[in-house]
Amino acid sequence: MDQRHRIAVTDWIEFEEEQHQVTGITGALVRLRSASGHHQTIMLSTLLTDPSFRARTVPPPDDADTAAGLDPGGVLALLPKEVREDAQKLEAHMKETTTGYRSGDRLEAQTGEPRTEYHPDLPLTARVDAKAAELGLTARRIWQLLDEWEENGLWALVDRRKARLKNPLRNIDERVITAIREQAAAERLDSSSSVSTRFRRRTQNRLDEDYGPGTVPLPKEDTFRRVVKLLLTRSPSDPAYQRISDANQPDRTFGHVIAHRPGQVVMLDTTPLDGLAWDPAMNNTYNVELTVALDVATRSILAWRLTPLGTKAIDIGLLLADVMTPEPMRPDWADALRYQMLRVPFERHLSVDERLAEAAARPVIYPETLLYDHGKPYKSDVVHRACRKWKIDIQDARKLKPTDKPHVERLFGTIREQFSMHLAGYKGFNVAHRGKTVEQQARWALDEIVEFFAEYVVAVYQNQHHTGLHLHGFPNLNVSPNEAYVMALGSAGFVDCPRDPNLYYELLPIADNGRAINPYGVELNHLVYDAPVLYQFRRAKSPYDNGLWPIRYDPRNLLHAYFHNPRNNKWYTLSWTKALSDLQPFTDITLREAKRLVELRSGDPKDKDYQEKIAEALWDLQNRTDAPETWSKTDRKRHTRDRHRAEAQALDEARSTPAIPAPALPRPRPDTSPPTVLGLHAVPDLPGEDDDFDPHTVQSAEVWNPHASQEG
């Protein structure tokens with residue numbers, strides 16, 4: 001039987017067990033787009049004679065309503081103004097049809113309402129017929145609009161042809177979308193890559209492995225880039241640190257660290273400072289690390305430490321002491337930066353802590369809980385002993401989860417914008433932002449940067465209004481960290497911080513398992529330390545459980561160790577027996593380098609002359625050549641690091657009661673024979689002669705003339 005079909009553009013048909021939409025007809029060719037997004041062109045005669053061909057007039061369910069699953073009110077609010085006004089006008093007609101009034105309420109009737117053909121006394125059928133005649137629609141269509149309007153409200157009256165939502169991924173195979181997401185998840189911790197090359201190749205390899213070679217081809221390169229941009233928050237070509245940061249975010253709702261009183265939660269963290277320090281002695285630049293303690297309740301920077309690259313555990317332990325120690329005023333600071341300018345009951349605080357008399361306007365807080373990451377300095381025994389001594393709770397942040405301490409992470413961004421960026425020698429936070437002549441622009445020494453940063457914290461940061469701090473009862477009124485601290489004192493009160501005169505020595509690390517006091521001294525890190533105080537304890541067992549003596553040391557300066565005398569409860573300084581007066585303080589890093597050099601020279605710690613070899617290696621490290629300007633870059637950095645570490649160690653030691661120093665060891669004199677030539681002596685001034693004289697009055701010496709002598 002002859003069967004005729006009418007095919008037009010936008011019609012839906014069924015072909016080869018899949019639904020297709022006719023996108024164009026050119027002569028005898030028909031262009032089709034499948035429901036999955038594939039395009040093809042086929043001859044009209046072939047299409048009509050194919051046994052799988054079926055003519056369809058009903059579009060697929062997904063195409064019937066592109067807003068399915070969305071909030072109708074949200075979709076309606078985002079439509080163009082003209083489309084919403086047309087829907088509202090049609091809704092007024094629906095209200096007039098059902099109630100006789102365009103507003104839907106007879107109390108808000110307009111002039112001339114109700115009209116005769118829409119009078120409420122008339123049956124609804126008559127009013128529907130009248131509205132159909134007015135709008136030029138059929139009565140059946142009016143009844144359909146009324147049913148949809150009662151069910152879906154205003155959204156049912158929107159012209160769907162003008163409100164069609166765009167789906168940029170509509171024509172993309174779902175398998176391609178899944179492969180892109182899976183490949184991006186696999187490369188989230190990988191290095192940067194190009195979307196058009198490596199990432200595209202790897203995605204195609206994933207599709208070939210899952211569905212077979214060539215089964216699921218990728219779209220064209222430009223389309224592939226657009227799809228990747230729509231699907232992924234971070235493109236595979238973005239910097240690695242950005243993608244790693246996004247990958248480390250928790251896959252759940254973010255929590256909030258809430259603190260109601262000062263010191264309830266104090267966050268600690270260390271980051272490289274975005275600036276270079278300059279060493280004028282070595283004419284060299286080096287990187288600096290910044291360690292801060294931030295109070296969550298007041299957003300106050302309680303303490304900070306700027307050190308050469310490589311923060312140690314002792315720095316973190318002493319940072320806790322800085323938190324509970326007032327910041328001293330500098331001589332050139334204005335009186336407005338004093339602690340008494342915080343508008344607190346200063347006299348009462350001064351009666352509790354007399355150190356506040358010469359303190360700067362920085363809060364002094366006794367921390368209750370410390371929150372820090374899993375860095376090696378923070379996990380050391382020094383920090384745990386300090387927290388145990390002061391009864392401070394410890395809370396670890398999860399590894400690679402900066403969102404556990406977002407306040408201090410955001411603080412580093414503020415410091416970069418307000419301080420580091422304006423510092424001569426600013427190097428940016430990565431290589432891409434670094435200038436070409438950064439090392440030549442650096443002009444400030446580390447001590448000067450420390451003073452600049454202290455002034456920035458006290459004068460700028462603590463007095464600047466913070467968007468995360470609000471006045472209680474006034475959520476739109478921002479306050480500064482100092483103002484938040486003053487308000488918190490009114491509710492929580494001032495807590496006196498402990499002051500221990502031996503704080504520095506008690507925080508120092510202890511040699512593992514203790515040490516025995518031998519006749520020649522105590523051995524620590526293959527170095528021998530001695531002092532006269534050890535004479536009365538030689539070969540004696542300690543009152544501790546293992547019978548050994550706890551010897552403390554500061555890894556920033558290994559020229560000395562420290563011993564606590566239990567008989568008089570005093571601390572004594574032990575000196576390295578092989579240290580010369582010209583030997584500079586050195587850190588544990590330098591000591592490891594010296595040991596490495598000794599091992600390269602076939603040295604053994606069991607050798608009797610091992611001490612001398614280490615001393616020679618240290619001397620060689622600290623004085624490689626005659627002039628410092630000829631040192632290598634590594635030697636200059638080592639010299640600068642050791643010098644700053646020694647200065648920081650001396651300042652920290654000065655904060656406690658000074659330990660009893662060991663007497664200076666006599667410097668060995670070389671065995672030399674007496675000189676064979678008598679030494680020169682200064683000629684004494686002749687009596688009666690002045691220091692000033694006229695050179696023109698001196699008579700010149702006669703010059704011998706050989707010819708004249710022959711003539712004579």
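## Notebook: salt bridges, cores and sheets

I began with the pair K389 and E506, whose side chains form a salt bridge at 2.9 Å, N to O. K389 belongs to helix α13 (residues 381-390) and E506 to helix α18 (residues 503-507), so this contact ties together parts that are 117 residues apart in sequence. I looked up the accessibility of both partners. K389 is partly exposed at 37% relative accessibility, and E506 is partly exposed at 25%.

**Confidence.** I noted that this is a predicted model. Its mean pLDDT is 80, with 85% of the residues at 70 or more. Residues 675-693 fall below 50, and I found zero contacts for this stretch beyond near neighbours in sequence. Where pLDDT is low, the predicted coordinates should not be read in detail. I left both stretches alone after that.

**Other salt bridges.** I recorded 31 salt bridges in the structure. One of them joins the side chains of R416 and D274 at 2.8 Å, N to O. R416 sits in helix α14 (residues 406-418) and D274 in strand β6 (residues 266-279), so the pair ties together parts that are 142 residues apart in sequence. Are the two partners buried or exposed? R416 is partly exposed, with a relative accessible area of 24%. D274 has 8% relative accessibility and counts as buried, because the cut-off for buried is under 20%.

I then checked D530 and R538, whose side chains meet in a salt bridge at 3.3 Å, N to O. R538 has a relative accessible area of 25% and is partly exposed. I also listed a network of salt bridges that links R305, D315, D322, D554, R556 and D652.

**Nonpolar cores.** Which residues have the most contacts inside the largest nonpolar core? They are L268, W390 and F453, in a core of 78 residues. Helix α11 (residues 313-323) gives the most to this core, namely eight residues. Leaving aside neighbours within four places in sequence, F453 is in contact with L290, W304, L306, I415 and F419. A second core is separate and has 30 residues, including A511, L527, V598 and A662. As background, nonpolar side chains tend to be buried together in soluble globular proteins.

**Hairpin.** I looked at strand β11 (residues 466-471) and strand β12 (residues 474-479), which run antiparallel and are joined by three bridges. H466 stands opposite V479 of β12. The two strands form a hairpin with two residues between them. In the turn, G473 has a positive phi of about 90 degrees.

**Five-stranded sheet.** I wrote down the strand order of an open sheet as β13-β14-β17-β16-β15, with antiparallel pairing. Which strands stand at the edges? They are β13 (522-524) and β15 (551-554); each has a single partner strand, so one side of each is left without a neighbour in the sheet. Neighbouring strands of this sheet are turned by 40 degrees against each other on average, with direction ignored.

I finished with the pairing at β15. β15 and strand β16 (residues 557-565) are antiparallel partners over four bridges. Within this pairing, R552 stands opposite Y562 in β16.

Definitions and conventions:
Residues are numbered from 1 along each chain as its sequence is written. Side-chain values use heavy atoms; hydrogens and water are left out. pLDDT is the predictor's confidence in each residue, from 0 to 100. Contact means heavy atoms within 4.5 Å. A salt bridge is a side-chain nitrogen of Lys or Arg within 4 Å of a carboxyl oxygen of Asp or Glu. Buried means under 20% relative accessible area, exposed over 50%, partly exposed in between (1.4 Å probe, protein chains only). A nonpolar core is a set of buried Ala, Val, Leu, Ile, Met, Phe, Trp, Tyr and Cys residues joined through side-chain atoms within 4.5 Å. Two strands pair if DSSP finds at least two bridges between them. Axes are lines fitted to C-alpha atoms, for helices over the stretch in contact, and angles run from 0 to 180 degrees between N-to-C directions.
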